[in-house]
Amino acid sequence: MTATTSVQAVGVRDRLRAWGGPAATAPGAGLLLGVLTNLAQGWLPGAWQQIANSGAVWSAVAFAAGALLYRRGSVPKAAIGGLGAEVGLVVGYYGYAEFGRDGAGSLFFPLVWLGMACVAGPLFGVAGHWWRRGPDTRRRVTGLAALAGLFGMEGLAYAWTLHYTAQAWACLVLFVLIPLLMARTHKERALTLGVAVVCAPLAYAVIELPLQTVSA
């Protein structure tokens, strides 16, 4: 093997290692967290069990995967990482329900959530990447506002549909704290909160209302 070939082989191996680690970590972490969210429904009191497997909490996992696992990666890699995390959550949650509890029942809802994971996972993986690695204000604000808006959507659902006041306030607090604590500057905090105010009712109309119809 020539020196050039050896260097090329090392470069390929390093790239595979850099890609393979996050590619395995995202679905693995999602699988574990899916099991934990199923367990948490038995640990948390009363209506707080709804928090364990809420769409906002699950999407936050994809957001974290895109933000943390791909420091040098591209947006497509972050999207794939978010997808792996979300699919892992669904498989872990319903897998434990099937084999660790009394069975998952009909395949309808696992398939619905799997379909949602295939959409939300890449979107929030990219959102996390934009927030952490975005080269401009627009992308950083959009990524973070998407996450905050999702908690705003959950707060609306708890307040208007389920009438869970404490849970609605908890989501509202997160809706405000995410921009305040995670944005970089005062300007980005204000912009993120403003965009999130628009995203929350939009997500409620586009996501939450159709899910309520399906659940009914």
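This is a predicted model: local features need pLDDT of at least 70, side-chain atom pairs count only at pLDDT 80 or more; totals for chains, interfaces and linings use all residues.

**Notebook: a first look around**

I started at G100, which at 42% relative accessibility counts as partly exposed, because that class covers everything between buried (under 20% relative accessible area) and exposed (over 50%), with a 1.4 Å probe and protein chains only. G100 sits in the loop between α4 (75-99) and α5 (108-133). Helices here are DSSP runs of H or I with at least four residues, strands are E runs of at least two, and the numbering starts from the N terminus. I also checked G100 against V35: they are 65 residues apart in sequence, and their C-alpha atoms are 9.4 Å apart in space.

Residues are numbered from 1 along each chain as its sequence is written, and side-chain values use heavy atoms, with hydrogens and water left out.

**The cores**

Next I looked up the nonpolar cores, meaning sets of buried Ala, Val, Leu, Ile, Met, Phe, Trp, Tyr and Cys residues joined through side-chain atoms within 4.5 Å. The largest one has 23 residues, and F63, F124, L144 and I178 have the most contacts inside it. Two or more residues each come from α3 (55-68), α5, α6 (137-162), α7 and α8 (186-215). Helix α6 gives the most, with 8 residues.

What does F63 touch, leaving aside residues up to four places away in sequence? I found F124, G125, A127, G128, W131, G143, L144, L147 and M182 on its list, with contact meaning heavy atoms within 4.5 Å. I then noted a second, separate core of 10 residues, with W58, A65, A85 and Y94 among them.

**Charges**

How many salt bridges does the structure hold? I got 2, taking a salt bridge as a side-chain nitrogen of Lys or Arg within 4 Å of a carboxyl oxygen of Asp or Glu.

In one of them, D136 meets R139 at 2.7 Å, N to O. D136 is partly exposed because its relative accessibility is 23%, and R139 is partly exposed too, at 26%.

The closest N and O atoms of R140 and E188 are 2.6 Å apart, in a salt bridge. That pair links distant parts of the chain, with R140 in helix α6 and E188 in helix α8, 48 residues apart. Both R140 and E188 are buried.

Then I stopped at E154, also found in helix α6. E154 is buried yet has no salt bridge, and the nearest side chain of opposite charge, R101, is 18 Å away. (Lys and Arg count as positive, Asp and Glu as negative; His and the chain ends are not counted.) Leaving out residues up to four places away in sequence, E154 touches S54, G55, A56 and C171.

**Last stops**

T142 lies in helix α6 and is partly exposed because its relative accessible area is 38%. T142 and A196 are 54 residues apart in sequence, but 8.6 Å apart in space, C-alpha to C-alpha.

I finished with L180 in helix α7 (residues 165-182). L180 is partly exposed, at 40% relative accessibility.
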